[in-house]
Amino acid sequence: MATRQRESSFTSCSSTSSCDADDEGVRGTCEDASLCKRFAVSIGYWHDPYIQHFVRLSKERKAPEINRGYFARVHGVSQLIKAFLRKTECHCQIINLGAGMDTTFWRLKDEDLLPSKYFEVDFPMIVTRKLHSIKLPTLLIAECVLVYMTPEQSANLLKWAANSFEVAMFINYEQVNMGDRFGQIMIENLRRRQCDLAGVETCKSLESQKERLLSNGWETASAIDMMELYSKLPRAEVSRIESLEFLDEMELLEQLMQHYCLCWATKGGNELGLKEITY
């Protein structure tokens with residue numbers, strides 16, 4: 001992997017534990033997400049010249065609400081990552097938890113926004129012991145990762161991260177508002193595929209998402225559901241993607257996106273303005 005003058009690096013870590021049924025289900029969702037992103041890119045929702053090297057293009061056409069949902073997800077996470085990088089002038093590190101086939105590293109490289117170090121791990125418990133002694137500002141990213149842990153496990157991870165890094169930001173994308181009928185159907189559909197959401201009780205509301213972060217050592221916490229985020233996207237971009245394909249059930253898109261959220265928390269970094277980062 002190419003390195004930059006300030007010794008940017010990309011480190012990949014993968015789990016070596018035995019593959020039980022629970023892990024099979026989680027890995028299945030990674031495959032699903034990658035295929036959905038690959039399809040959305042193929043019809044022009046966003047530019048990603050790298051995903052084609054990791055994910056085959058499925059013959060199955062994805063529904064417009066799915067494509068728009070992933071567009072909002074990628075755009076939202078990307079904006080927060082870039083905000084952190086600009087505040088720290090890239091003198092930081094990124095730890096992407098449960099990264100799967102994510103291509104963020106290469107897309108940041110194209111925009112000359114690589115952090116000092118960039119780590120990817122497949123499962124949160126594999127975070128290398130070397131990170132305990134690092135004092136640089138650190139960004140941790142988890143997209144649909146914490147929900148597969150028990151609340152106790154995710155709390156331990158969040159607490160570990162808050163205690164390990166003096167200046168840090170945590171970005172979390174996952175389910176929310178899971179107590180209603182639509183949320184229950186989502187849970188049941190995943191359960192039929194042997195994929196249980198062990199941490200779903202923490203996904204009751206935006207408030208419960210923020211409280212989990214604040215109660216585990218983070219100084220600030222914010223959360224927004226993806227429908228609200230979608231409404232804040234640049235109108236020109238929304239018009240462009242909405243012209244790509246016809247969506248006849250806007251209500252389904254709204255329901256889907258109201259059940260996912262983007263959360264972020266910060267610790268320290270007052271001089272960098274980390275607490276000012278918002279969406």
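1. Helices here are DSSP runs of H or I with at least four residues, and strands are runs of E with at least two, numbered from the N terminus. The model is predicted: local features need pLDDT of at least 70, and side-chain atom pairs count only at pLDDT 80 or more. Residues are numbered from 1 along each chain.

2. Look at helix α2 (residues 64–87) and helix α9 (residues 250–257). They pack at an angle of about 40°, with axes 9 Å apart. Axes are lines fitted to C-alpha atoms over the stretch in contact, and angles run from 0 to 180 degrees between N-to-C directions.

3. Which residues make the contact? From α2 come E65, I66, R68, G69 and A72; from α9 come L252, L253, L256 and M257. Contact means heavy atoms within 4.5 Å. Six of these residues are nonpolar, one is polar and two are charged (Ala, Leu, Ile and Met count as nonpolar, Glu and Arg as charged, Gly as polar).

4. An unreviewed UniProt entry lists R73, G98 and E143 under "binding site"; such annotations may be inferred rather than shown by experiment. G98 sits in the loop between β2 (93–97) and α3 (104–110).

Definitions and conventions. Side-chain values use heavy atoms; hydrogens and water are left out.
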